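Here is a short report for a reader coming to this structure for the first time. Look over the sequence and the model, then read on.

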Amino acid sequence: MGGQACVFYGAAEFSRDTDLAILASSENLARLSNALRDLKAQVIAVPPFEAKYLRKGHAVHFSCHHPEALGMRVDVMTKMRGVDAFSKLWTRRTTISSYDTTIELMSLPDLVQAKKTQRDKDWPMLRRLVEVNYFANREKPTREQIRFWFLELRTPELLVELAVSQGRTPAQLIRRRPLLKNVGTANESLLTKTLRAEEEREREADREYWRPLKKELEKLRHSRASQSKR
Amino acid sequence: MISPEELVGEEWAAWYRLSPLERWRESEKLWEIYFHLGGSLDTEPDTESPFFDPREPSTRTVNGRPGMRVLRRSRV
């Protein structure tokens with residue numbers, strides 16, 4: 001669901017880690033443990049690899065020691081802010097085959113939700129992901145694609161073009177994304193300003209989401225540090 | 001209709017025009033070159049990530065590759 005998924009959908013990211021979204025069931029965690037054992041992966045940092053931390057929204061970080069994956073970082077998550085439950089992600093996934101290996105990627109709309117974080121680097125990528133999808137499909141779009149673009153495009157010029165091509169912006173989408181009421185005015189500088197404000201609200205919501213989780217991580221670090229001193 | 005070139009320039013537009021699988025393959029080629037040049041899989045610290053712990057020791061060498069040094073650097 002990380003860098004390689006972004007490459008597939010159109011952004012360009014050189015990400016050396018592998019991000020996995022998983023179902024945190026005991027059976028699945030056992031399977032993942034076996035796979036990680038093959039990679040000689042060890043948990044780095046906190047939290048430990050336990051379902052309760054994954055279900056709370058933490059990520060568990062591993063570093064691989066197998067000679068063919070030496071130093072590769074694997075981050076495992078099961079719950080992400082603003083992203084649907086794993087069962088829904090799974091039904092919407094994209095499956096690709098590469099060198100006889102099957103790779104399951106998070107769908108583009110789900111990836112876009114997952115990328116709405118507090119980090120600077122995610123926002124230009126998010127913009128590109130939706131732009132690529134828009135350019136590739138604007139000639140013959142489906143209803144789902146039009147809805148997705150209205151809700152997720154972050155490019156003022158393309159939002160205006162979309163509104164013109166559709167004739168009107170559906171009222172229920174304006175309720176979901178209030179900045180769409182400015183699209184019809186074709187005022188790109190106003191749109192730019194409201195897009196920036198929307199981004200800032202999302203980033204703040206992400207910081208808010210992480211506040212208690214970061215506190216918990218800090219506690220775990222302290223307890224680990226005091227255990228290692230004993 | 002706005003063209004990708006108008007919006008993001010020639011280079012990005014060329015990337016945009018690739019199919020998803022073509023982008024995937026191009027990325028695989030870049031990985032091969034990266035490893036051929038001795039690139040490492042160790043990640044850079046992501047200081048903006050909520051998981052970032054400044055006290056956590058990093059295994060990564062400063063320049064991303066064991067034995068690699070900066071020989072020349074711009075002043076900026």
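Which residues does A:Tyr9 touch, not counting residues up to four places away in sequence? They are A:Leu108, A:Leu111, A:Leu129, A:Val132 and B:Pro20. Two residues are in contact if their C-beta atoms, placed from the backbone, lie within 7 Å.

## Basis of the model

This is a predicted model: local features need pLDDT of at least 70, side-chain atom pairs count only at pLDDT 80 or more, and totals for chains, interfaces and linings use all residues. Residues are numbered from 1 along each chain as its sequence is written, while chains are lettered from A and ligands numbered from 1 in the order in which they are written.

## Chain A overall

Chain A has 10 helices and 6 strands. These are DSSP runs numbered from the N terminus: helices are H or I with at least four residues, strands are E with at least two. The C-alpha trace of chain A spans about 65 × 45 × 30 Å along its principal axes.

Of the 230 residues in chain A, 32% are buried. A residue is buried if 20 or more other C-beta atoms lie within 10 Å of its own, exposed if 12 or fewer, and partly exposed in between; the C-beta atoms are placed from the backbone.

## The nonpolar core

The largest nonpolar core has 46 residues. Such a core is a set of buried Ala, Val, Leu, Ile, Met, Phe, Trp, Tyr and Cys residues joined through C-beta atoms within 7 Å. A:Ala5, A:Tyr9, A:Met106, A:Leu111 and A:Leu129 touch the most other members. Helix α6 (residues 122-137) of chain A gives the most to this core, with 6 residues.

## An open hairpin

Strand β5 (residues 94-98) of chain A has 5 residues, and the number buried is 0, so β5(A) lies largely in the open. β5(A) pairs with strand β6 (residues 101-105) of chain A in the antiparallel sense, over 5 bridges. Pairing requires at least two bridges found by DSSP. A:Ser97 stands opposite A:Thr102 in β6(A). The two strands, β5(A) and β6(A), form a hairpin with 2 residues between them. In the turn, A:Tyr99 has a positive phi of about 50°.

## A loop proline

A:Pro48 lies in the loop between β2 (41-44) and α3 (51-56) of chain A. A:Pro48 counts as exposed because it has 12 C-beta neighbours inside 10 Å. Leaving aside neighbours within four places in sequence, A:Pro48 is in contact with A:Val43 and A:Tyr53.

## Where the chains meet

21 residues of chain B are in contact with 31 residues of chain A. On the side of chain B that touches chain A, α1 (4-17) and α2 (20-36) of chain B each supply at least two residues.
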